[in-house]
Amino acid sequence: MKVAKDKVVAVSYELNVEGKIADKAGSEKPLEYIHGNGMLLPKFESELEGKEPGDSFAFTLTPEEGYGIYNPGYLIDIPKSSFMADGVLREDLLVIGNIIPMLNASGQVIQGTVREVGSDTVKMDFNHPMAGKTLNFSGKVESVRDATEKELKEGLHGEYLPNEECGCGGNCHGGCENGECGEGKCDGEGKCGGSHKKGGCCHHKEQ
């Protein structure tokens, strides 16, 4: 059976970025997704189109084909008061490099990375961690099967079901695998509803 729309595809892969392995899934626990439903990067899916179990693949995605060009406008200073919980500053969250789910002005959840912690503000980066990066994928198609009606309606793990906590139409997935949803294309790994807009973040989402 070949990789085509509405097929459940399992792939093992490695993602190499700037000479380092940034992500991987082994054959014992491959990445599974429903092909053609927008859960993975479009170019990633197009590269797998027509392949069969046992076929290997290797391709490179430019930043434009991956997570986009890095946008300095998505670096935003947020008042420390936005990270208060029950009147107490969540200093455990304010660690350089920590990724924090935030709510934007539309109530959508987006992921922000802590870049700097000042006396009154926290500089958050709402670019995708892979923005501006060239992505080198290699791997193998492990299996291909027809999706069931239930999977087509609800997703492999219920990711198509409404999810009020995420505020993203239930389209939480993949790297997103941990149940968190954020901007952009998940790494293996779909769109989760919010767009990054400068000044769009209003407060921290309770964890």
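Colleague: Is Arg90 buried, partly exposed or exposed?

Modeller: Read the relative accessibility. Buried means under 20%, and exposed means over 50%. Arg90 has 21%, so Arg90 counts as partly exposed. Keep in mind that this is a predicted model.

Colleague: Which residue forms a salt bridge with Arg90?

Modeller: Asp92 does, with the closest N and O atoms 2.9 Å apart.

Colleague: Which residues do salt bridges with shared partners join into one network?

Modeller: Lys43, Glu47 and Glu65.

Colleague: How many salt bridges does the structure hold?

Modeller: There are 10. One of them pairs the side chains of Glu18 and Lys133, at 3.1 Å from N to O.

Colleague: Which parts does the Glu18 and Lys133 pair tie together?

Modeller: Place each residue among the elements. Glu18 sits in the loop between β1 (7–17) and β2 (20–25). Lys133 sits in the loop between β10 (121–125) and β11 (135–146). The pair therefore ties together parts 115 residues apart in sequence.

Colleague: Which residue meets Asp77 in a salt bridge?

Modeller: Lys123, again through side chains, at 3.1 Å from N to O. Asp77 lies in strand β5 (residues 75–79) and Lys123 in strand β10, so this pair links distant parts of the chain, 46 residues apart. Asp77 counts as partly exposed, with 45% relative accessibility.

Colleague: Now the interior. Where do nonpolar side chains tend to be in soluble globular proteins?

Modeller: They tend to be buried together. Here, the largest nonpolar core has 22 residues. Val11, Tyr13, Leu135 and Phe137 have the most contacts inside that core.

Colleague: Which elements give two or more residues to this core?

Modeller: β1, β3 (31–34), α1 (42–48), β4 (56–61) and β11. The largest share, 5 residues, comes from β1.

Colleague: Which residues are in contact with Leu135, leaving aside neighbours within four places in sequence?

Modeller: Among them are Leu15, Val17, Leu41, Phe59, Leu61, Tyr67 and Met130. The list also includes Asn16, Thr60 and Gly66.

Colleague: What is the average pLDDT of the protein?

Modeller: It is 81, and 78% of the residues score at least 70. Over residues 164–207, pLDDT stays under 50. For that stretch the model has 139 contacts beyond four places in sequence.

Conventions:
Residues numbered from 1 in each chain as written. Predicted model: local features only at pLDDT ≥ 70, side-chain atom pairs only at ≥ 80, totals over all residues. Heavy atoms only, no water. Salt bridge = Lys/Arg side-chain N within 4 Å of Asp/Glu carboxyl O. Helix = DSSP H or I, 4+ residues; strand = E, 2+ residues; numbered from the N terminus. Buried < 20%, exposed > 50% of the residue type's maximum accessible area, 1.4 Å probe, protein only. pLDDT = per-residue confidence, 0-100. Contact = heavy atoms within 4.5 Å. Core = buried A, V, L, I, M, F, W, Y, C linked by side-chain atoms within 4.5 Å.
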